[in-house]
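I opened a notebook page for this model and set down what I looked up, in the order I looked. The structure comes before the entries.

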Amino acid sequence: MTRIAIIGAGISGLATSYAIEQQAKQAGLDVETFVVEKESRIGGKILSVQEDGFLCEWGPNGFLDNKPMTLDLCRQLKIDPQLLRSDDNARKRFIYSEKILHQMPENGPAFLKSKLISWPGKFRLAGEMVVPKRQPGGDETLAEFGRRRLGDEALNKLISPMVSGIFAGNPETMSLKSCFPRIYELEQQYGGLIRAMLMLAKKKRADIKAGKAVASAAGPGGVLTSFRGGIQELTDGIAAGISGGILSGQGVQKVEQKKDSFSLHLEEGQQLDADIVVTAAPAFAVADMLDELNENSSSILRQIPYATMNVVCFGYQKERIQFDLNGFGYLIPKAEGCDTLGTLWDSSIFSDRAPEGMVLLRSMMGGAANSAAIDLSEEEVKSRTMKDLKQIMGIDCEPEFVKIFRHRHAIPQYTRGHGQRLLELEGSLQNCPDLILTGNSFYGVGLNDCVNAANQAATKVIGRIQQRIL
Ligand SMILES: Cc1cc2nc3c(=O)[nH]c(=O)nc-3n(C[C@H](O)[C@H](O)[C@H](O)COP(=O)(O)OP(=O)(O)OC[C@H]3O[C@@H](n4cnc5c(N)ncnc54)[C@H](O)[C@@H]3O)c2cc1C
């Protein structure tokens, strides 16, 4: 029997524990897993709060169905009947630019008609076709990539809001290769993004003609998917599907390496032994745990910064909002000088997020470019959010319901050099193969990325068990 400890009960830790049990069963291996979680509740960034008839998401409000990992996991757990697809109108996303909300164009003709990008900006964007491919190597930031291939206007109005929507990040510091590896590959493979789009569309048409299966009809972005009771049903469902124990309310302070095993030192003095350890806690927390075991790894882990975030939920009476909330919501480029990064029209995205006759809006404030926002008072957060809602949607009435969530360590930032740092981290842990690192600090922050990384971590664990047996 191999004892495996997983540290952290966010989606990454829970999905790793589940995947280890499933893969061990298939390989006929005898394992005992246990998850250790610092907080008294499980779920990490995932928490769905029901209050006064509103369902407010503390962190993520769903996952995209254009990648299979999370959907597959839901099917395995048999929780897929409870899945809730976002409303079709939630495909309509907006960007607030030059005091106007512009719908994000979904295709070429819509892009030509859109006033989001000026004509010179559109010509510059079309010129992407003739921008030479960058030689591989080095680590370009998202801003450098955007300026080089698409021009300043597209960088400021398209790329920057997208980066703040996904990472709450600053494109001037974030690595293209680490944040959007697919975009990097498309340039390398096809010579540019427009060329890649044309070639991939041609291939898709040929595949359809040949009767081959093609990617989801949901389109490139996929459909945002959650559950009737909120995204927390996902982590609750995984926890229910795990046979091993979950020990919550007990943080790991130190991972000590013994001859052929590890000892986890918990906050209240307890020690737990394990043959293999998987960490799925944030990078800075893992750094603290590994200080004595591997100082070099700790110092690399501490170089992964985190953006802060305030999530501000406002409930209003529907009849008092004149603005048409038909869509997903909007992102705000930094140049607009707003305090918030954007607002999601949560009750339009998923049904039942607000009581009858009410609407629920969720604004994001903070991010890498405004980390001080985390320390603003409740009153200040509320008034600054209301100011933006008034300016952008003309909402000037008091909300009936207010809920503010704070994330001091919201999202890890894959800054320039992130890929190199991960290589160094791998190197520094080479002599410690039974310690495996996963979680959103490394290869993607989306829920699909976390589940994918969890499956890969589980495969590594199974490989190690098989080697230990030999
Ligand atoms: C506001 C917000 C909105 C988001 N929206 C989306 C979205 O819509 N879609 C999407 O796909 N992604 C979204 N994300 C990203 C996504 O939610 C996260 O990347 C993902 O949930 C991270 O999961 P994780 O398990 O890797 O880390 P976490 O959820 O951070 O879990 C780590 C766990 O480790 C525990 N821990 C820490 N220290 C210790 C210790 N010493 N001992 C034991 N345990 C410890 C923590 O308490 C925590 O439970 C969003 C993130 C935020 C913050």
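The entries below go from the domains to the ligand, then to the sheets and some single residues.

**Ground rules**

I am working with a predicted model, in which local features need pLDDT of at least 70, side-chain atom pairs count only at pLDDT 80 or more, and totals for chains, interfaces and linings use all residues. I number residues from 1 along each chain as its sequence is written.

**Domains**

I started with the division into domains, whose bounds come from an automatic or database domain assignment. Domain 1 is made of 2–39 + 233–304 + 414–469, domain 2 of 48–89 + 305–412, and domain 3 of 117–209. I then took the centres of domain 1 and domain 3 over C-alpha atoms and found them 34 Å apart. Their contact involves 8 residues of domain 1 and 10 residues of domain 3; two residues are in contact if their C-beta atoms, placed from the backbone, lie within 7 Å.

I sorted the domain 1 side of this contact by class and got 2 nonpolar, 5 polar and 1 charged. For the classes, Ala, Val, Leu, Ile, Met, Phe, Trp, Tyr, Cys and Pro count as nonpolar, Asp, Glu, Lys and Arg as charged, and the others, Gly among them, as polar.

**Ligand shell**

Which residues are closest to the ligand? I listed Gly8, Gly10, Ser12, Gly44 and Pro60 as the closest, out of 36 residues that surround the ligand.

Helices (H or I, at least four residues) and strands (E, at least two) are DSSP runs, numbered from the N terminus. By class the shell holds 19 nonpolar, 13 polar and 4 charged residues. Domain 1 and domain 2 each supply at least three residues to the shell.

**Parallel sheet**

I traced an open sheet of 5 strands with parallel pairing, in the order S10-S2-S1-S14-S20. Strand S10 (245–248) and strand S20 (435–437) are its edges, each pairing on one side only. Two strands pair if DSSP finds at least two bridges between them. Neighbouring strands of this sheet are turned by 20 degrees against each other on average, direction ignored; the axes are lines fitted to C-alpha atoms, for helices over the stretch in contact, and angles run from 0 to 180 degrees between N-to-C directions.

Within it I checked strand S1 (residues 2–7) against strand S14 (residues 276–279): they run parallel and are joined by 4 bridges. Alanine 5 has valine 277 in S14 as its bridge partner.

**Antiparallel sheet**

A second open sheet has 3 strands in the order S11-S12-S13, with antiparallel pairing. S11 and S13 are the edge strands. The twist averages 25 degrees from one strand to the next.

I counted 5 bridges between strand S11 (residues 252–257) and strand S12 (residues 262–266), where valine 252 stands opposite leucine 266. S11 and S12 make a hairpin with 4 residues between them.

S12 pairs with strand S13 (residues 271–274) over 4 bridges. Serine 263 has aspartate 273 as its bridge partner in S13, and phenylalanine 262 has alanine 274. S12 and S13 also form a hairpin, with 4 residues between them, and glycine 269 in its turn has a positive phi of about 95 degrees.

**Single residues**

I looked for positive phi in residues other than glycine and noted lysine 78, near 60 degrees. Lysine 78 sits in the loop between helix H2 (69–77) and strand S6 (83–85). Buried or exposed is lysine 78? Lysine 78 is exposed, because 10 other C-beta atoms lie within 10 Å. The cut-offs are 20 or more other C-beta atoms within 10 Å for buried, 12 or fewer for exposed, and partly exposed in between, with C-beta atoms placed from the backbone.

Lysine 99 also has a positive phi, of about 70 degrees, and lies in the loop between strand S7 (93–97) and strand S8 (100–103).

Last, I looked up aspartate 30, in the loop between H1 and S2. With 9 C-beta neighbours inside 10 Å, aspartate 30 counts as exposed. Its C-alpha atom is separated by 29 Å from that of glutamate 233, 203 residues apart along the chain.

Technical notes
A residue is near a molecule or strand if its C-beta atom, placed from the backbone, lies within 6 Å of it.
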